[in-house]
Amino acid sequence: MSWLQLRMDCGKANAAALEEALLAAGALSVTLEDREDEPLLEPAVGATPLWQAIRITGLFMADADMDAVLATLSDLDVASTARVEILEDKDWEREWMQHYEPMRFGERVWICPSWKEPPEPNAINLLLDPGLAFGTGTHPTTAMCLTALDSMSLKDKRVVDFGCGSGILGIAALRLGAVELLAVDNDPQALVATADNANRNGVHADQLEIALPGNFASDEWQASTDLVLANILAGPLAALSDELCDFLAPGGQLVLAGLLDTQADALIKHYAPRLQLSVLHQQAEWVCLGGVLA
């Protein structure tokens, strides 16, 4: 089966009206994309920011009358950029899967899609299916944290993964020798994904606690954790500084990611009263910071 897609360029001001008009004209879905590489960083909670320059695509059934659809959009000043394209049907799940390859981090760690054989069977191979939550290793912030973990001695360590997403970082720590993990996230879907991925990677139930913030026995983790991982964003990393540091036992290590190099100095200064942070890794504009509690 084929489909028709109608693609147009618009600005932020008329994007909502155009989206509504496409849906009213029978679009099965509407997609908005950035067409000028404009970053949108750290939106406020509940905010849905848009780019200034947008490409909007409406998907229609193959027998849709596109002339009639375009006529309904005549008042929105998009006719000059409108183009109708035939979209051939595919097995989209299989199409996507064939492009997801195993990835290596450091010397020992591989992230492997569960449907492919690990390239190095004797390495630390984490089986992961991209799905509900953030964290597949493809983003520089996750990659830097995994590389940092690969360089650590984690035997018999207790670890907190705060903002766990898919659970990839905490599960990697367990596979690298850690004995106990607390995985925390404010998104219930992330907790489901973490549990699924932990089970897929053979994590024992007595090694893992998964919880929403505040829904775990804090006194069992406070001042007794060897490693705290937090791959979030610069704003929450600053707001959570006391909570993250309170987990750490003396000599415990903190690893922070999800921030830009332009945000690093401010965060280092913010944490200075508790511990001294420094840059562990940098990829493009993203940095990963680390420090040890004295």
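The model is predicted, so local features need pLDDT of at least 70 and side-chain atom pairs count only at pLDDT 80 or more, while totals for chains, interfaces and linings use all residues. Residues are numbered from 1 along each chain as its sequence is written, and side-chain values use heavy atoms, with hydrogens and water left out.

The protein contains ten helices and 14 strands (DSSP runs numbered from the N terminus: H or I of at least four residues for helices, E of at least two for strands). Of its 294 residues, 43% are buried (under 20% relative accessible area; exposed is over 50% and partly exposed in between, with a 1.4 Å probe and protein chains only). Among contacts with a separation of 6 or more, 65% link residues 24 or more positions apart, a contact being heavy atoms within 4.5 Å.

Turning to the cysteines, zero disulfides are present (a disulfide being a pair of cysteine sulfur atoms within 2.5 Å). For C145, the closest cysteine sulfur belongs to C288 and lies 4.4 Å away, too far for a bond. C145 is buried at 1% relative accessible area, and C164 is buried at 5%.

T57 sits in strand β3, which spans residues 53–61, and is buried, with 8% relative accessibility. Its side chain makes a polar contact of 3.2 Å with that of R7 (a pair of N or O atoms within 3.5 Å; within protein, one must be able to donate a hydrogen and the other to accept it, and residues adjacent in sequence count only if both atoms are side-chain atoms). Leaving aside residues up to four places away in sequence, T57 touches Q5, L6, R7, S29, V30, T31 and E33.
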